[in-house]
Amino acid sequence: MPLTSTALRLRHLRTERNLSQLDVANYLGISRTAYNKYENGCSQPSRTIKKLAELFCISTDYILGTDTPGIEQQVMDISMEKQIKKYLSLNENNRYIVDSLVNKLYQDERTNTSI
C-alpha cells in the first residue's frame with residue numbers, strides 16, 4: 001500500500017521529535033496499533049487530528065496534506081517524502097547505518113560552525 005502524504009508527514013514529525021509511536025498513541029489516548037495505521041496509510045486520523053496538530057505545533061491542513069504551500073515548499077516536501085520512502089524501505093541494519101552517518105555529519109557541522 002503506497003504511503004499517503006499524511007502518513008509520511010506523521011512519521012516525519014514524530015521521528016523529528018524523537019517520539020515513539022507509543023508516545024504519540026498515549027498522548028492521543030489510542031492504542032499504538034491504531035496510531036501505526038495512521039503512519040502506514042491504513043487509516044486517517046480524523047478523530048485525533050486536532051490533538052496531533054497541537055502535539056506537533058502545526059496546522060491540521062499540513063498533517064492532512066491539504067495546505068497549499070509555495071512552490072519552493074512543495075518541491076522540498078516532495079523531495080523529503082521521496083527520501084523518507086527510500087529510508088523506510090531499508091532494512092533495520094541499513095537504517096542504523098544511515099542514522100549513524102547523519103548523526104556524525106550533524107555533529108561535525110555543529111562543531112565547525114561553533115568555532
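Let's start with Val24: leaving aside neighbours within four places in sequence, Val24 is in contact (heavy atoms within 4.5 Å) with Arg14, Leu19, Tyr35, Leu52, Leu55 and Phe56. Bear in mind that this is a predicted model, where local features need pLDDT of at least 70, side-chain atom pairs count only at pLDDT 80 or more, and totals for chains, interfaces and linings use all residues. Residues are numbered from 1 along each chain as its sequence is written, and side-chain values use heavy atoms, with hydrogens and water left out.

**The core**
- Val24 also turns up in the largest nonpolar core, which has 13 residues; Leu10, Val24, Leu28, Tyr35, Leu52, Phe56 and Ile63 have the most contacts inside it.
- Such a core is a set of buried (under 20% relative accessible area, 1.4 Å probe, protein chains only) Ala, Val, Leu, Ile, Met, Phe, Trp, Tyr and Cys residues joined through side-chain atoms within 4.5 Å.
- Two or more residues each come from helices H1 (5-16), H2, H3 (32-39), H4 and H5 (60-64).
- H4 gives the largest share of this core, 4 residues.

**H2 and H4**
- Helix H2 (residues 21-28) packs on helix H4 (residues 49-56) at about 120°, with the axes 10 Å apart.
- On H2, Val24, Tyr27 and Leu28 meet Lys51, Leu52, Glu54, Leu55 and Phe56 of H4.
- Sorted by class, that contact has 6 nonpolar, no polar and 2 charged residues.

**H1 and H3**
- For H1 and H3 the packing angle is about 120°, and their axes are 7 Å apart.
- Here Ala7, Leu10, Arg11 and Arg14 of H1 meet Tyr35, Tyr38 and Glu39 of H3.
- This contact has 4 nonpolar, no polar and 3 charged residues.

Conventions:
Axes are lines fitted to C-alpha atoms, for helices over the stretch in contact, and angles run from 0 to 180 degrees between N-to-C directions. Ala, Val, Leu, Ile, Met, Phe, Trp, Tyr, Cys and Pro count as nonpolar, Asp, Glu, Lys and Arg as charged, and the others, Gly among them, as polar. Buried means under 20% relative accessible area, exposed over 50%, partly exposed in between (1.4 Å probe, protein chains only).
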